[in-house]
Amino acid sequence: MACVLEAPLRMSVLSEVTASSRHYVDRLFDLDPQKVLQGVIDMKNAVIGNNKQKANLIVLGAVPRLLYLLQQETSSTELRTECAVVLGSLAMGTENNVKSLLDCHIIPALLQGLLSPDLKFIEACLRCLRTIFISPVTPEDLLYTDATVISHLMALLSRSRYTQEYICQIFSHCCKGPDHQTILFNHGAVQNIAHLLVSTSYKVRMQALKCFSVLAFENPQVSMTLVNVSVDGELLPHIFVKMLQRDKPIEMQLTSAKCLTSMCRAGAIRTDDPCIVLKTLPCLVRMCSKDRLLEERVEGAETLAYLIETDVELQRMASITDHLIVMLADYFKYPSSVSAITDIKRLDHDLKHAHELRQAAFKLYASLGANDEDIRKKIIETENMMDRIVNGLSESSIKVRLAAVRCLHSLSRSVQQLRTSFQDHAVWKPLMKVLQNAPNEILVVASSTLCNLLLEFSPSKEPILESGAIELLCSLTQSENLALRVNGIWALMNMAFQAEQKIKSDILRGLSTEQLFQLLSDSDVNVLMKTLGLLRNLLSTRPHIDYIMSTHGKQIMQAVTLILEGEHNIEVKEQTLCILANIADGTTAKELIMTNDDILQKIKYYMSHSNAKLQLAAMFCISNLIWNEEEGSQERQDKLRDMGIVDILHKLSQSSDPNLCDK
């Protein structure tokens, strides 16, 4: 019997709860405007800090009625303002609440409200809009659907410190990517927001600063503009540097460091400028220390990684500031069992977000080790570093996996480490596993790393080959993603270098002639150059040249003809002529050139080309064809003499280019 009662019991509890909330909604329909106003005020007091009450009122249909009252011209300004306040409070609840508000088209109603002359009502609408836009469930594009909205918001910036705070917060949350940056920039965001950096209100200064940090991120146009803007006679970079000082709140220090970082990466501030070297970099290193909060350490490390990513001097400087390399090792031990966190809520939060620390540490290690061999050595010698990277490659968080692969890629640029640490920890195993089924962004970095592990001096090359790498790499060359095609062919090129004949045959079999032609007619010059590099590596050492040309000669000669006749740059043609020179070095293979008058005419043509590199490459072909000590050399020399090659050689011996002259 108990089972039967369960459902009705639950229903009665729910109906009691909603019944206690129903009178709030009923009062919104009263004919007396004063009672409606009082009802809204009582509702406002009832929902503050009470998520259950908020959910009940939404279920009971309060939102459409509140929006109706908010939009009615006949409603008093006070009533409309109170409605906006209640809607803002409902939006402060759960994400589901925000979804319900969006479903009722709250944003157009609130934007319409901004046209009112009443400042208090405008502020209430903006506060509610701010709350809705900072929710992750709200699409940012809703701010940009009507072109007049942005210019109206810019105009409202001057109305009060609240309009300034809320509008800047809306902008900084809704500015995602270059399109949004351009819209805001074209509407005068820089000029309208700059003076807010010296506002008397901390909240306004902070929101204006956040606005600039998102506007300038990866945006040279905004960054170049910011450098020359001054407020009260002081240039913006100087204002940002003042906000970096240790006596300022951490949030302010971090955000101004982000602004200066973006401006530096965009080339608006030099990397050796004192504001970067003496202010921004040390501030970001400070943020990585263990007495900072988790999110500050994450943001500090990620911003620093971005700042130093492409500059070797900044990488060296960061590596010797405050023992940064050792300090980052703590990112992997957090929170520890002896953690000083006494706040249970904080501990729970940090346990859920500890993976973000690991991701940030991997990113910063990757940037630190991008160029300098000594720094890489220090990173690898940091306690358990290789084990941490190997563990990172199999973490459940995709962001940690990506950052761990990036870190591995950075360290794999070291010849020394490829021969030692990478071998000791059999890094290739988890890397091959990552390559089996990962999203493209991880595949791109992982396949780049594999290219390095396949270099001829890397001890990992053999075991990688044995684990089925050829098939994997051949499949990458068929990817629609350009970076993956490049990496697939690049890795095969490295694999073929000084390889034994079996490996070369396996590569050709795995690629198939059809795919080889596909790659040779790829629109990207990088793919083409790497494919030619692969062919050149395949066609090296005489027995290999003869064997491959006996099985694939016809197709390879076709490919060579195709490229020499096509519209390609000098480097592509030079590489192709070098392949021909390799073929000419074969014992039996050279006959494929000698019996092909079309190819011989092309070699002759390039001997007289205006570009010395192409002339030299063509001469290598001739030189390999006429070698005296080889069988049939006399017949080959006679044929080439009849073609007029000797006359060209006489001319070239008078060349002003010493290389050509000698050859």
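A residue is called buried when its relative accessible area is under 20%, exposed when it is over 50%, and partly exposed in between (1.4 Å probe, protein chains only). The model examined here is predicted, so that local features need pLDDT of at least 70 and side-chain atom pairs count only at pLDDT 80 or more, while totals for chains, interfaces and linings use all residues. Residues are numbered from 1 along each chain as its sequence is written, and side-chain values use heavy atoms, with hydrogens and water left out.

Helices are DSSP runs of H or I with at least four residues, strands are runs of E with at least two, and both are numbered from the N terminus. H34 spans residues 525-538. From first C-alpha to last, its 14 residues reach 20 Å, close to the 20 Å expected at 1.5 Å a residue; the expected span is 1.5 Å times one less than the number of residues. H34 is mostly covered, with 10 of its 14 residues buried. Among them are Val527, Leu528, Lys530 and Asn537. The cover over the buried residues includes helices H31 (482-496), H32 (501-511), H33 (513-520), H35 (542-565) and H36 (570-584), where contact means heavy atoms within 4.5 Å.

Thr541 is not a glycine, yet its phi is positive, at about 65°. Its relative accessibility is 46%, so Thr541 counts as partly exposed.

A positive phi is also found at His323, again a residue other than glycine, with a value near 50°. His323 belongs to the loop between helix H19 (312-319) and helix H20 (324-329). With 65% relative accessibility, His323 counts as exposed.

Packing of helices can be followed in another pair. Two packed helices are described by the angle between their axes and the distance between the axes. For H15 (residues 236-243) and H16 (residues 250-265), the axes come within 8 Å and cross at roughly 145°; axes are lines fitted to C-alpha atoms, for helices over the stretch in contact, and angles run from 0 to 180 degrees between N-to-C directions. Residues making this contact include Pro237 and Phe240 of H15 and Met252 and Leu260 of H16.
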